[in-house]
Amino acid sequence: DSTKYLSVAQNLLAGNGLVDHKDGPLLSWPPLYSMILAALSLFTGLDVFVAGWYFNVFLLGLNLFLSGVILYRVFSERLLYAYLASFFVFLSLSSLRIHATISSDPFYLTLTLGFLVAVDGYIKKRSYGAFAWMVLFGILGPLQRYVGLAITVTAEIVILIDNRKSIHTWLRDGFILGLASILPLAWWLIVHNIMTYGSLYGVGPQVVDVWTNTSLALTKMLHWFVPYLEFLMPVLTRPLIPLGVLALLLLLLNRKSPGNGRAWLQMFTAPSVYPTMIYAIVYFVALAFTVVTADHRDLFSDRYYVILLVPTAIFVLLTFDKLISPHLKLSPQQLQMSLILIFALWSVYPFYSFREYLLKARVQGEPSGGNMFNNQTYHEMTLITEMQRLREEQPDKTFYSNYSDAVWFYTRKPVTPAPIVNDDPLTTYAGWPYDKPGYIIWFEPNEYKHYLPPDKIAEFADGQLIFQGNGGKIYYVQAR
């Protein structure tokens with residue numbers, strides 16, 4: 001994904017339009033993030049990848065600040081809660097990981113948090129400025145990620161709730177925001193994708209298992225609080241069990257105190273709280289129904305759900321405040337000290353995770369699964385060094401590869417995927433590579449079995465091994 005975002009940005013700068021390193025049009029994602037990277041590179045003179053680095057560093061601080069603003073407004077009468085929730089976000093390794101890789105998630109998080117700040121101003125102050133910000137975030141959200149329509153849906157629900165006694169205001173504000181949000185995305189999907197390229201998303205039907213997506217999402221969110229220890233995995237991978245047990249315990253604890261339950265529900269109707277909770281539900285449901293399940297199974301890949309760190313912290317602390325603390329026979333000061341102590345003990349877990357993450361990062365580069373190529377393994381490949389030399393000396397030659405993303409990342413030049421496995425490659429690829437002789441950069445071991453290996457390519461093209469080293473082989477290939 002990162003390579004596609006970066007290569008589209010580079011091609012945009014080069015005047016080639018919104019196409020990636022394989023000369024394919026950008027269809028699977030909306031264009032805003034690549035356009036931002038291109039603009040940053042243009043104005044700073046930096047490589048698109050380096051520009052993305054600095055952008056993410058800036059967003060890491062900005063997102064923490066915006067999270068603090070939201071939490072302060074929610075817990076303005078319980079400042080300790082605001083501080084603890086802010087530290088929870090600050091200590092999130094998941095948040096650090098998404099800001100350490102090139103992806104659309106950090107800026108989408110910025111748009112989400114900015115939207116929630118603006119909504120608060122719209123509700124409390126009836127501010128036209130806040131409404132203008134809501135419209136802007138409603139426009140930018142879907143152009144950053146398709147699931148950004150969750151911002152638009154949330155805004156429409158908030159406008160309905162807040163203006164339920166004024167149909168005129170509801171219709172006016174709802175129509176303006178809805179139309180402004182939908183038009184740019186509609187243009188992108190209809191005019192750019194369908195009318196220009198004949199495809200809505202650029203990919204065929206893919207399996208979306210809603211229940212599996214939901215279960216995996218809850219497991220990953222539980223991991224924010226507890227580590228993946230072997231003896232815990234049978235429970236964590238069945239998240240409804242621990243969550244159901246917790247819900248049952250809270251129900252039993254408050255069975256003789258119905259007022260606590262009503263007070264808890266009442267808290268979620270507060271103007272500073274309910275928009276965040278509505279957004280969390282809309283966003284979570286949208287992901288459950290749209291995420292391709294096969295791409296979602298890695299239990300450490302929780303980048304989609306980092307967006308929900310702030311709503312989760314709010315939910316947990318409000319639940320504690322209304323359903324647990326009334327049963328604790330402690331003075332306010334004792335309760336605060338107990339919370340600080342418990343949080344300090346729990347923080348050993350994220351601090352340890354940070355330490356392990358940073359130690360690995362110093363040795364091998366960013367160690368999460370999102371960083372496939374910018375790591376020690378690829379940096380030490382002699383194949384990469386030779387490939388870069390050939391690309392520099394022979395810029396007119398076409399490069400083919402089973403790892404086209406890696407080739408682009410280390411050369412910043414277009415690359416063509418190697419021939420694909422099919423039933424009759426001799427007929428399909430007769431005359432290949434036609435009038436585009438060049439080099440096959442063949443990475444080993446090859447994890448992408450759908451590419452024809454060099455010995456099979458040799459059945460319909462002339463190939464000569466010119467390099468063999470750490471990381472793979474390079475062949476010069478031309479038509480017979």
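Which helix gives the most to the nonpolar patch? I began my notebook with that, keeping in mind that this is a predicted model.

**Entry 1: the patch**

I found that helix α12, residues 240–253, gives the most, with nine residues. I then listed the members of the patch: Trp211, Val235, Leu240, Ile241, Leu243, Val245, Leu246, Leu248, Leu249, Leu251 and Leu252. Together they have about 1,000 Å² of accessible area on the surface. I picked out leucine 246 as one to look up, and it lies in helix α12.

**Entry 2: the sheet**

Next I turned to the strands. I traced an open sheet of five strands in the order β2-β1-β3-β5-β4, and its pairing is mixed. The edge strands are β2 (416–417) and β4, each of which pairs on one side only. As a reminder to myself, strands of a sheet pair through backbone hydrogen bonds, either parallel or antiparallel.

I looked at β3 (residues 438–443) from both sides. With β1 (residues 398–401) it pairs in the parallel sense, over four bridges. With β5 it pairs in the antiparallel sense, over six bridges.

Which residue of β3 is the bridge partner of serine 401? I found isoleucine 441 there.

Is β3 enclosed or open to the outside? Six of its six residues are buried, so β3 is largely enclosed by the rest of the structure. I checked β5 (residues 472–478) as well, and this strand is mostly covered, with six of its seven residues buried.

**Entry 3: the hairpin**

I moved on to β4 (residues 462–469), which runs antiparallel to β5 and is joined to it by seven bridges. One of the pairs I looked up is glutamine 468 with lysine 473, its bridge partner in β5. The two strands form a hairpin with two residues between them. In the turn I stopped at glycine 471, which has a positive phi of about 110°.

**Entry 4: asparagine 375**

Where does asparagine 375 lie? I found it in the loop between α17 (348–364) and α18 (376–379). Asparagine 375 has a relative accessible area of 12%, and I wrote it down as buried because the cut-off for that is under 20%. A polar atom of its side chain lies 3.2 Å from the backbone nitrogen of tyrosine 378. Leaving aside neighbours within four places in sequence, I found asparagine 375 in contact with Gln364 and Tyr410.

**Entry 5: threonine 411**

My last stop was threonine 411, which is found in helix α20 (residues 404–411). Is threonine 411 buried or exposed? It is buried, with a relative accessible area of 12%. I saw that its side chain reaches the backbone oxygen of valine 407 at 2.7 Å. Not counting residues up to four places away in sequence, threonine 411 touches Met387 and Arg391. I also looked up its separation from leucine 26, which is 385 residues away along the chain.

Conventions: Residues numbered from 1 in each chain as written. Predicted model: local features only at pLDDT ≥ 70, side-chain atom pairs only at ≥ 80, totals over all residues. Heavy atoms only, no water. Patch = residues over 30% accessible without salt bridge, like charges linked within 9 Å, V, L, I, M, F, W, Y side chains within 5 Å. Areas by Shrake-Rupley, 256 points an atom, 1.4 Å probe, with all protein chains shown as cover. Salt bridge = Lys/Arg side-chain N within 4 Å of Asp/Glu carboxyl O. Buried < 20%, exposed > 50% of the residue type's maximum accessible area, 1.4 Å probe, protein only. Pairing = 2+ DSSP bridges. Polar contact = N/O pair within 3.5 Å; in protein donor to acceptor, adjacent residues only side chain to side chain. Contact = heavy atoms within 4.5 Å.
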